[in-house]
Amino acid sequence: MTNQSNNVVWLESCNLTDSGLVGGKNASLGEMIWSPSLEEVNVPPGFAVTTKAYKRFIEINDLGPLIEEIDTRLRKRAISISKAGIQIRRAILSGNWQEEVVLEIGRYYRELSERCNQTEADVAVRSSATAEDQKDASFAGQFESFLNVRGNDALLDACRRCYASLFSDRAISYRIAKGFDHVNAAMAVGIQQMVRADKGCSGVIISNDPETGFNKFAVVSATWGLGENVGQATTEPDEFVVFKPFLDDAKLDPIIGKLLGRKAQKLIYGREEYATRNVPASKSERSTYALPDVEVLALSRLACKLEHHFGRPIDIEWAKDGVSDETFIVQVRSQTARTDCDATVLKEHRFNKKGPVLAQGSNVGVGVASGTVCMIGGPDEFEHFIDGSILVAANTDPDWVPVIMRSAGVVTDHGGRTSHAAIVSRELKIPAVVGTGDGTNRMQTGQKVTVSCAESDTGFVYDGIADIEVTDIELDKMLETDTDVLLDIADPAAALRWWPLPAEGVGLAATEHVMRDHIMAHPMALAHFDMLQSEEDRRKISELTQAYSEKSNYFVEGLGRSMAKVAAAFFPKPVFVRYSDFTDNSAADLIGGSAFEPPQSNPLIGLRGPSRYCSPSYREGFELECRAIRYLRETIGFKNVGVTVPFCRTVVEADETLGIMADAGLERGSDGLQVQIMCQIPANIALVKDFAERFDRILLGYDDFAQLVTGTDMHCDALSGKFDEDNVVVKMMIAEFIREAHKADIPIGLCGLRPSADPEFVKFLSDCDIDWVTVKPESFVQVKKSIANEEVQRDIANASARR
């Protein structure tokens, strides 16, 4: 506890109990220096100008009556926020310091300079208000900070400007939205030695997933230069997602998401009157990650330690000194995202109709907003913004908060999920899509659009007003069932939305979506890049793989990390990843794919599954898929992951596929690896005993199975109405399949659309004693209830029979 009578105190003398005197930011910094359990946390040395000095400044300049008068007029709406802010800021900036305070600040600054071995230390001057960094109100970016301040006069001026920022338009608007008082607001100021991140890098760590509140993730952002560009959303930083439970095992590399940001510019020390300036990043800086993986993991471990110490999810700003090579923590605040999340209710957004995608980027929040675009070029155009519109801009910074608060949704060209504007958008529950790159070129004022942050970790902007149904899924009324219900995840990026579901795991995690929409390059084109004849394909692949010395590692790590999102969301429950299973010719549409994919007239029953994996035309591609699974299990650490082999025609194919897997280090049973066979061919029923000797589980693929039994394409418009969902032969063969599997003592489940749409079919499966069903997440509750009801009725009937 510091001496409450001081105008200035050293940070090391503060802790969390001193937030009323030194503000939330300084109290957290002092806590990290002061606490014996946080000795390994590097915090730049510094001191705090306390709220006592602020109150004295207000008093000697007779500013109290002015603030009270303007506060009263604001409450009566007799003055605009803009005019109120201008009057108070002008009065503060023209105010004078008490001589005693000037002398104290000067003395502390000289001593800090001596500690830093400088005549006049270059320092960071940061606002630290008493109300900021709370669990339900971060005040992120609402107050000013100044970097590379040098000299006593410049320091006093920066402190005065911090005081004035307490009454910026954005801060006044934010306090009104949060119900905070203007009159009793107080400001302290933190002064610390500058970290020379202008010669290194900097960024932000959020200790929980910011959109879903999933508490096993940490999200790390990084960019070259000083960190203000991240908070101000003027650049797109690199982003890493780390699975925290594996951080204690030094042998693992639990980075499950890795996005190379554009990082077009970096903030460095300025010249003459400009303390800092932005310069273009070099081509090398743009094409490489600002932080190596080992340092991402070290920062994540530190974030876990700080999260445990502070006892809540946190938001951390860090900076790496390019001179000393040391990494420092320069700010810690409470993470405010998803604090209102009801873990017993999920909201499902079902799109009945939506227009073409106009833009996509990082999503902020979990909702959907539709409205009219209002394009804003800068603060001088704020007066033209129409309340309830979709705000579209090149980028936003904290000055935009008053406009963001009036919008229905936000779309920006630049910025990331950890920017100040993104944090505030989350708190205000306003959907935002940031870092679209060129969204302002794809929309115009007056255009109707829909902003969606409800589909995956990517946000989308659709043309027109989408037709959407929103349903609350109640999770606290689920009954236990003998028949397990697992999930079918087609898009790993969406898996995190469904982590609260009480599913028994993931019975089918497909890889095709990742290969098409995220990796985009054909694995054979990566393995044999030199064979590509198309210059356009070579250019695209070179661009995609620019951060990798070996192009095949781009595929291995990309697929492994994408599927890790599914494994993480449901860890430690089992997750079965299916090897690629293209039922059309779309594999040829992957970059470089046309050079390796033979055209097929009927791909549904063509070169598919093991026949494809073992074919000379794709075997090396399959080996890369195996390497990705091994990377997922051994390097990242998800031993809960098994694999699914689809569309296996013969025992010979099964053996050859298992042999390739074993050669790639994926031997069934080794280190707990389970292998699931997906039976989609009616003839497989005769091979159940043989399959039981080679695999751990059978997954019956209903859609393909039913089509091949009946010889009907259920997706063919010309055959609409011809496909009988209740076909007796299909049900007879499914029942026989289940009996044969149980005779062979191998568990069997079923996946497909039918269980989700037909409670009577679920009853049929339950009567057949199927071990589990795999369904789409949005159908989980409905199917679970159907199974529970059927099992209750069956138990009642059995009890009556016994009597």
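1. The buried residues of helix α20 (residues 651-663) pack against α18 (610-613), α19 (619-636), β26 (641-646), β27 (675-679) and α21 (688-694). Contact here means heavy atoms within 4.5 Å. Those buried residues are Val-651, Glu-653, Ala-654, Thr-657, Leu-658, Ile-660 and Met-661. "Buried" stands for under 20% relative accessible area, "exposed" for over 50% and "partly exposed" for anything in between, with a 1.4 Å probe and protein chains only. Helices (H or I, at least four residues) and strands (E, at least two) are DSSP runs numbered from the N terminus.

2. Before going on, a word on what you're looking at. This is a predicted model, in which local features need pLDDT of at least 70 and side-chain atom pairs count only at pLDDT 80 or more, while totals for chains, interfaces and linings use all residues. Residues are numbered from 1 along each chain as its sequence is written, and side-chain values use heavy atoms, leaving out hydrogens and water.

3. The expected span is 1.5 Å times one less than the number of residues. Just after α20, Gly-665 takes a positive phi of about 90 degrees.

4. Now the barrel. How many strands close into it, and in what order? There are 8, running β23-β24-β25-β26-β27-β28-β29-β30, and the pairing is parallel. From one strand to the next, the twist averages 25 degrees. Helix α26 (residues 780-802) packs on the sheet, where it touches β23 and β30 (772-775), and its direction makes about 160 degrees with that of β23. For such angles, axes are lines fitted to C-alpha atoms (for helices, over the stretch in contact), and the angles run from 0 to 180 degrees between N-to-C directions.

5. Follow the barrel strand by strand. Two strands pair if DSSP finds at least two bridges between them. β23 (residues 484-489) and β24 (residues 506-509) run parallel and share 3 bridges, with Ile-489 partnered by Ala-509 in β24. From β24 to β25 there are 2 bridges, again parallel, and Val-506 has Val-575 of β25 as its bridge partner. Then 4 bridges join β25 to β26, also parallel, with Phe-576 opposite Gly-642 in β26.

6. At 1.5 Å a residue, its 20 residues should span 28 Å; the end C-alpha atoms of α17 are 30 Å apart, which agrees.

7. Helix α4 (residues 81-93) packs with helix α6 (residues 152-165) at an angle of about 160 degrees, their axes 9 Å apart. The two are therefore roughly antiparallel. The bands are: under 35 degrees roughly parallel, over 145 roughly antiparallel, 65 to 115 roughly perpendicular, and the rest oblique. Arg-89, Ile-92 and Leu-93 of α4 make the contact with Arg-160, Arg-161, Tyr-163 and Ala-164 of α6.

8. α4 has another neighbour in helix α7 (residues 169-178): the axes come within 9 Å and cross at roughly 120 degrees. That pair is therefore oblique. On the α4 side the contact is made by Ile-81, Ser-82, Gly-85 and Arg-89, and on the α7 side by Asp-169, Ile-172, Ser-173 and Ile-176.

9. Strand β16 (residues 368-375) runs antiparallel to β20 (residues 448-452), joined by 5 bridges, and Ala-369 stands opposite Val-451 in β20. With β17 (residues 390-393), β16 pairs in the parallel sense over 3 bridges, and there Val-373 has Ile-390 as its bridge partner.

10. Last, Lys-353, which lies in strand β14 (residues 345-353). Is it buried or exposed? At 63% relative accessibility, Lys-353 counts as exposed. Not counting residues up to four places away in sequence, Lys-353 touches Ala-466 and Asp-467.
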